[in-house]
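Please read these notes with the model open.

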Amino acid sequence: MNLLKFYRNGLKNPNTRWAFILFTFLYLLSPIDLIFDFIPFFGQIDDIALIFVFITEMFKILVLRKPKKERKKSFVDVAYKSKS
């Protein structure tokens with residue numbers, strides 16, 4: 001779980017965000033994976049997990065970036081507030 005926390009913190013930090021986005025796309029396009037893609041089903045698990053974490057974190061960043069006055073209260077606000 002430390003790797004997941006490191007990845008999420010890297011995406012949240014504005015100084016390192018673009019590097020993490022670049023490395024995410026390079027990893028997805030690269031033939032080198034944690035689990036090789038030629039293994040049916042299991043080869044795609046790490047790619048799918050990375051895509052899922054990337055999309056959820058970027059969604060949180062984009063939604064929570066707006067000032068609270070300009071956005072309606074949403075599920076993301078409630079879920080983010082309960083974790084803090």
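1. Contact here means heavy atoms within 4.5 Å. Among contacts in the protein between residues at least 6 apart in sequence, 34% join residues at least 24 apart.

2. Some notes on the source. This is a predicted model, in which local features need pLDDT of at least 70 and side-chain atom pairs count only at pLDDT 80 or more, while totals for chains, interfaces and linings use all residues. Residues are numbered from 1 along each chain as its sequence is written, and side-chain values use heavy atoms, with hydrogens and water left out.

3. Overall content. The protein has four helices and zero strands, and its elements run α-α-α-α from the N terminus on. Helices (H or I, at least four residues) and strands (E, at least two) are DSSP runs, numbered from the N terminus. Of the 84 residues, 24% count as buried. Buried means under 20% relative accessible area, exposed over 50%, and partly exposed in between, with a 1.4 Å probe and protein chains only.

4. The core. Which residues make up the largest nonpolar core? There are nine: Y7, L11, F20, I21, L50, V53, F54, M58 and I61. Two or more residues each come from α1 (2-12), α2 (17-29) and α3 (42-64), and the largest share, five residues, is from α3. A nonpolar core is a set of buried Ala, Val, Leu, Ile, Met, Phe, Trp, Tyr and Cys residues joined through side-chain atoms within 4.5 Å. In soluble globular proteins, nonpolar side chains tend to be buried together.

5. Helix α3. This helix has 23 residues and reaches 34 Å from its first C-alpha to its last, close to the 33 Å expected at 1.5 Å a residue. The expected span is 1.5 Å times one less than the number of residues in the helix. Buried in α3 are G43, D46, D47, L50, V53, F54, E57, M58 and I61. The cover over these buried residues includes α1 and α2. Leaving aside residues up to four places away in sequence, M58 touches L11, R17 and I21.

6. α2 against α3. The two helices pack at an angle of about 155°, with axes 11 Å apart. That makes α2 roughly antiparallel to α3. The contact is made by R17, I21, T24, F25, Y27 and L28 of α2 and by D46, D47, L50, I51, F54, M58 and I61 of α3. Axes are lines fitted to C-alpha atoms, for helices over the stretch in contact, and angles run from 0 to 180 degrees between N-to-C directions. Angles under 35 degrees count as roughly parallel, over 145 as roughly antiparallel, 65 to 115 as roughly perpendicular and the rest as oblique.

7. α1 against α2. Here the packing angle is about 125° and the axes are 6 Å apart. α1 and α2 are therefore oblique to each other. On the α1 side the contact is made by F6, Y7, G10, L11 and K12, and on the α2 side by R17, F20, I21 and T24.

8. α1 against α3. The axes of α1 and α3 come within 10 Å and cross at roughly 35°. L4, Y7, R8, L11 and K12 of α1 meet L50, V53, F54, E57, M58 and I61 of α3 in this contact.

9. Two residues to check. The C-alpha atoms of N9 and F20 are separated by 9.9 Å, and the two residues lie 11 apart along the chain. I51, found in helix α3, is partly exposed as well, with a relative accessible area of 39%. I51 and L28 are 23 residues apart in sequence and 8.5 Å apart in space, C-alpha to C-alpha.
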